[in-house]
Amino acid sequence: MATIFSKIVAGEIPSYKVAEDENNYAFLDINPVAPGHTLVIPKREVDYLFDLTDEEYVDLQLFAKRVATAIKQTMPCQRVGVAVMGLEVPHAHIHLIPINEEKDMNFFKEKATVAPDEMARIAQTIADAMGNNHSELF
Ligand code: AMP
């Protein structure tokens, strides 16, 4: 059965899309640790990040670098933090989170409340910074 992230890539489930290339897809996390929290995934459905081929892994990381650069340009933050867990959704994904302090990477604190129109605006802003103006909205 396809993962929820494969359904997002296929357009069967909506997402706040930030960017897409041939092999990778980026969209806002629906339950963000901070506004601008983005997930970067390979389109090929692989559960564990480190089971990607070397080529796929490097391609995904280079895509994530482009997305992180756009997040840094558009969201007020010192840095973009990176995390990989993958225990909830069995489809490899990299969390990119705008942070100002180490504690901003805390996944266990209360999540940010970001209204749908603000999520759409953030996704579009990051997409624009990537020169990739085709955000899909809920
Ligand atoms: P983990 O597998 O522990 O790295 O966490 C999975 C992440 O995916 C969580 O941060 C969820 O909020 C996020 N997530 C789950 N479903 C969706 C969805 N439909 N759209 C966007 N983000 C999602």
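**Ligand shell and selected residues**

Me: Which helix and which strand each supply at least two residues of the shell around the ligand?
Reply: Helix H1 (4–9) and strand E2 (24–28) do. Helices (H or I, at least four residues) and strands (E, at least two) are DSSP runs, numbered from the N terminus. This is a predicted model, in which local features need pLDDT of at least 70 and side-chain atom pairs pLDDT 80 or more, while totals for chains, interfaces and linings use all residues. Residues are numbered from 1 along each chain as its sequence is written, and side-chain values use heavy atoms, with hydrogens and water left out.

Me: What gives the most to that shell?
Reply: H1, with three residues.

Me: And how many residues surround the ligand in total?
Reply: 16, the closest being Asp 29, Gly 86, Glu 88, His 93 and His 95. A residue is near if one of its heavy atoms lies within 4 Å.

Me: How does the shell split by class?
Reply: Ten residues are nonpolar, four polar and two charged. Here Ala, Val, Leu, Ile, Met, Phe, Trp, Tyr, Cys and Pro count as nonpolar, Asp, Glu, Lys and Arg as charged, and the others, Gly among them, as polar.

Me: What lies 2.5 Å from an oxygen atom of the ligand?
Reply: A polar side-chain atom of Asp 29. A polar backbone atom of Glu 88 is 2.9 Å from a ligand oxygen, and a backbone N or O atom of Val 89 lies 3.1 Å from one.

Me: How much of the ligand does the protein bury?
Reply: Taken alone, the ligand exposes 510 Å², and the protein buries 87% of that. Areas come from the Shrake-Rupley method with a 1.4 Å probe; for residues, only the protein chains shown count as cover.

Me: New topic. Where is His 91?
Reply: In the loop between strand E4 (79–83) and strand E5 (94–99).

Me: Is His 91 buried or exposed?
Reply: Buried, because its relative accessible area is 0%. The cut-offs are under 20% for buried and over 50% for exposed, with partly exposed in between (1.4 Å probe, protein chains only).

Me: What does its side chain contact?
Reply: The side chain of Ser 6, in a polar contact at 3.4 Å. The term means a pair of N or O atoms within 3.5 Å; within protein, one must be able to donate a hydrogen and the other to accept it, and residues adjacent in sequence count only if both atoms are side-chain atoms. The side chain of His 91 also reaches the backbone oxygen of Pro 42 at 2.8 Å.

Me: Back to E2. What about Asn 24?
Reply: Asn 24 is in strand E2 and is buried, with a relative accessible area of 1%. Its side chain makes a polar contact with the side chain of Asp 59 (3.1 Å).

Me: And Glu 22, buried or exposed?
Reply: Exposed, because its relative accessible area is 70%. Glu 22 lies in the loop between strand E1 (17–20) and E2. Glu 22 and Lys 43 are 21 residues apart in sequence and 8.2 Å apart in space, C-alpha to C-alpha.

Me: Where is Tyr 48?
Reply: In the loop between strand E3 (38–42) and helix H2 (54–74). Tyr 48 is partly exposed, at 49% relative accessible area.

Me: Last one: which helix holds Ile 126?
Reply: Helix H3 (residues 116–129). Ile 126 counts as buried at 0% relative accessibility.
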